[in-house]
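Let's take a walk through this one together. Have the sequence and the coordinates open as you read.

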Amino acid sequence: MKSLKSLFDSFPVLVINRYYHKAKVIKQNLDNGIDYQAVGGKKLRLAENLIRFKLGEYRLIFKRSESGFVPESLIQRKSLHLFLKRR
């Protein structure tokens, strides 16, 4: 299972400092049962079990599973279309 920390490890320190705290807050809100739409998430049309959140020029993707929401990927906005094609 992926964690937020493992998703951010491959990015520069500047990106980690800027967006990690916000990603952590999103994850905590989802774990506490707050609706993903209230947190700012949008369901992806091409993959119904994926939810995306905006983090500046990046997109944080969560996968909806039986046990809750699991971090799936952190990608640049311009790479979102390619990410969805590979699924």
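In which helix is Lys24 found? Lys24 is found in helix α2. Keep in mind throughout that this is a predicted model.

## Lys24 and its lysine counterpart

Helix α2 covers residues 13-31, and Lys24 is partly exposed there, with a relative accessible area of 38%. Look across to Lys5, which belongs to helix α1 (residues 4-8). Lys5 and Lys24 are 19 residues apart along the chain, and their C-alpha atoms are separated by 9.3 Å. Lys5 is partly exposed too, at 48% relative accessibility.

## The salt bridges

How many salt bridges does the count come to? The count comes to 2. One of them links Asp9 to Lys5, with the closest N and O atoms 3.9 Å apart. That distance just makes it under the 4 Å cut-off. Asp9 is partly exposed, with a relative accessibility of 49%, and Lys5 is partly exposed at 48%.

There is also a salt bridge between Asp31 and Lys27, where the closest N and O atoms are 3.2 Å apart. Both of these residues sit in helix α2, spaced 4 residues apart, or about one turn of the helix. Is Lys27 buried or exposed? Lys27 counts as buried because its relative accessibility is 18%, and the limit for buried is under 20%.

## The sheet, strand by strand

Now for the sheet. In what order do its strands come? This is an open sheet of 4 strands, arranged β1-β2-β3-β4, with antiparallel pairing. β1 and β4 (68-76) are at the edges with a single partner strand each, so each has one side left without a neighbour in the sheet. Helix α2 packs on the sheet and touches β2, β3 and β4, its direction making about 140° with that of β2.

Going along the order, β1 (residues 42-43) pairs with β2 in the antiparallel sense over 2 bridges, and a hairpin through 6 residues connects β1 to β2. β2 and β3 run antiparallel too, joined by 6 bridges. Their hairpin has 2 residues between the strands, and Gly56 in that turn has a positive phi of about 65°. β3 and β4 are antiparallel with 8 bridges between them, and the hairpin joining β3 to β4 goes through 2 residues.

Lys42 stands opposite Arg52 in β2. Arg52 in turn has Ile61 as its bridge partner in β3, and Ile61 stands opposite Ser73 in β4.

## How covered are the strands?

Strand β2 (residues 50-55) is mostly covered, with 5 of its 6 residues buried.

## Arg59, a buried charge

Finish with Arg59, which is placed in strand β3 (residues 58-65). Its bridge partner in β4 is Ile75. How far away is the nearest side chain of opposite charge? That side chain is Glu57, and it is 8.8 Å away. Arg59 is buried yet has no salt bridge; the reasoning is plain, because a salt bridge needs the atoms within 4 Å.

What, then, lies 2.9 Å from a polar atom of the Arg59 side chain? The backbone oxygen of Gly56 does, and Gly56 is the turn residue with the positive phi in the β2-β3 hairpin. Leaving aside neighbours within four places in sequence, Arg59 is in contact with Arg52, Phe53, Lys54, Ser73, Leu74, Ile75 and Arg77.

Conventions: Residues numbered from 1 in each chain as written. Predicted model: local features only at pLDDT ≥ 70, side-chain atom pairs only at ≥ 80, totals over all residues. Heavy atoms only, no water. Buried < 20%, exposed > 50% of the residue type's maximum accessible area, 1.4 Å probe, protein only. Lys, Arg positive; Asp, Glu negative; His and termini not counted. Polar contact = N/O pair within 3.5 Å; in protein donor to acceptor, adjacent residues only side chain to side chain. Contact = heavy atoms within 4.5 Å. Pairing = 2+ DSSP bridges. Axes fitted to C-alpha atoms, helices over the stretch in contact; angles between N-to-C directions.
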